[in-house]
Amino acid sequence: MSELTSPGRKIPISADIHAHTRHSHGQASTEEMFHAALGKGLKYFGFSEHSPRPEGYVYPRDYQEQLAAGFPDYVAEVGSMAERGRPLGMEVLLGLELDYIPGQEEYAASLCAAYPFDYVIGGLHFQGYWGFDFTADDWERLSLDACFSAYARYYDDLAAMCRTGLFQVAAHPDLIKLFTVSSFHAWLKTADAQAQVRTALAALKENNMVMEISSAGLRKPCHEIYPCPEIMEMARDLALPISFGSDAHCANTPAHAFDVLARYAASFGYTEHTIFVKRVARTLKFPV
């Protein structure tokens with residue numbers, strides 16, 4: 001495939017730092033995602049492949065074996081894309097989306113140190129051995145009280161994740177609403193829930209992390225940006241920095257709905273976003 005030499009249409013946000021490939025459960029190769037990002041006119045594109053997980057933490061259908069076997073190839077491929085991207089005006093970043101699992105901090109630390117990542121995104125997808133974002137069927141069997149307990153645990157885990165000091169970015173900070181968005185919003189109206197979410201967001205701020213605003217939720221059953229407006233208001237009140245991510249899993253989704261995200265963030269007073277290069281924060285403006 002030949003390199004693209006002309007930029008794509010102008011988008012308001014110049015950096016997408018959350019993307020996956022066929023090395024995990026993505027549908028496109030590293031090469032294909034690179035060209036898709038170039039075609040969108042991005043100035044920065046971060047590959048943030050999922051991390052291998054400790055034994056036992058798997059979905060009913062999973063990609064862990066191929067991911068672990070191919071991870072060195074992923075790192076090498078991103079390095080190659082970085083060399084090819086610079087002359088074309090796009091800086092390619094090596095990221096990682098690491099599943100935070102309480103009690104597995106040493107495992108997480110070893111992954112963070114294994115390669116020269118520009119940044120590490122912390123993601124919550126498991127409660128115990130339950131991958132809660134796999135199927136709506138699991139949630140349909142839960143009572144409302146059980147759902148509320150899962151939401152509360154999510155934000156306790158988010159606060160604990162931030163306090164490890166291992167991460168630069170918190171991914172999709174209300175992913176837990178994925179299959180039960182109405183129940184989640186009912187929980188979020190309670191005083192206890194608001195206190196828990198504020199505590200977690202404060203932990204982000206105290207540990208020099210940024211909160212991801214993600215368009216992935218628009219493509220998911222919740223049909224809502226991550227995070228929702230109530231959480232955006234709390235983040236604004238804390239002056240919590242933000243990043244933007246598409247959580248792209250195919251060549252059609254880098255920078256997905258970034259015009260929508262720009263307007264959304266601006267409506268809460270945001271005018272800049274943060275990326276990390278060699279773990280050092282870099283602030284970028286975005287026009288609205």
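Which residues do ring pairs link into a cluster? Select Trp130, Phe132, Trp139, Phe148, Tyr151, Tyr154, Tyr155, Phe184 and Trp187, which ring pairs join into a cluster. Rings of Phe, Tyr and Trp (its six-membered ring) pair if their centres lie within 6.5 Å; planes under 30 degrees apart count as stacked, over 60 as edge-to-face and the rest as tilted.

The model on display is predicted, and local features need pLDDT of at least 70, side-chain atom pairs count only at pLDDT 80 or more, while totals for chains, interfaces and linings use all residues. Residues are numbered from 1 along each chain as its sequence is written, and side-chain values use heavy atoms, with hydrogens and water left out.

**Stop 1: aromatic pairs**

By the ring rule, the count comes to 24 aromatic pairs. Select phenylalanine 148 and tyrosine 151: their pair is tilted, with 6.1 Å centre to centre and 40 degrees between the planes. Both lie in helix α5, 3 residues apart, about one turn of the helix. Helices (H or I, at least four residues) and strands (E, at least two) are DSSP runs, numbered from the N terminus. Phenylalanine 148 is partly exposed because its relative accessibility is 21%, whereas tyrosine 151 counts as buried at 0%. Here buried means under 20% relative accessible area, exposed over 50%, and partly exposed in between (1.4 Å probe, protein chains only).

Next, select phenylalanine 184 and tryptophan 187, whose ring centres are 5.8 Å apart with planes at 40 degrees, so this pair is tilted. The two residues are 3 residues apart in helix α6, about one helical turn. Phenylalanine 184 counts as buried at 0% relative accessibility, and tryptophan 187 is buried with a relative accessible area of 5%.

**Stop 2: helix α6**

Now display residues 181–188, which form helix α6; Phe184, His185, Trp187 and Leu188 are buried there. Viewed down the axis of α6, the buried residues fall within an arc of 155 degrees, so they line one face of the helix. This arc is that of the directions from the helix axis to the C-beta atoms.

**Stop 3: salt bridges**

The structure holds 11 salt bridges, each a side-chain nitrogen of Lys or Arg within 4 Å of a carboxyl oxygen of Asp or Glu. Select arginine 53 and aspartate 99, which form a salt bridge with the closest N and O atoms 3.1 Å apart. Arginine 53 lies in the loop between β2 (44–50) and α2 (64–85) and aspartate 99 in strand β3 (residues 91–99), so the pair ties together parts 46 residues apart in sequence. Arginine 53 is buried, with a relative accessible area of 7%, and aspartate 99 is buried, with a relative accessible area of 7%.

Move to arginine 282 and glutamate 91, a salt bridge whose closest N and O atoms are 3.5 Å apart. This pair links distant parts of the chain, with arginine 282 in strand β11 (residues 280–285) and glutamate 91 in strand β3, 191 residues apart. Arginine 282 is partly exposed at 31% relative accessibility, and glutamate 91 is partly exposed with a relative accessible area of 26%.

Finally, select lysine 177 and glutamate 224, where the closest N and O atoms of the salt bridge are 2.6 Å apart. Lysine 177 is buried, with a relative accessible area of 0%, and glutamate 224 counts as buried at 18% relative accessibility.
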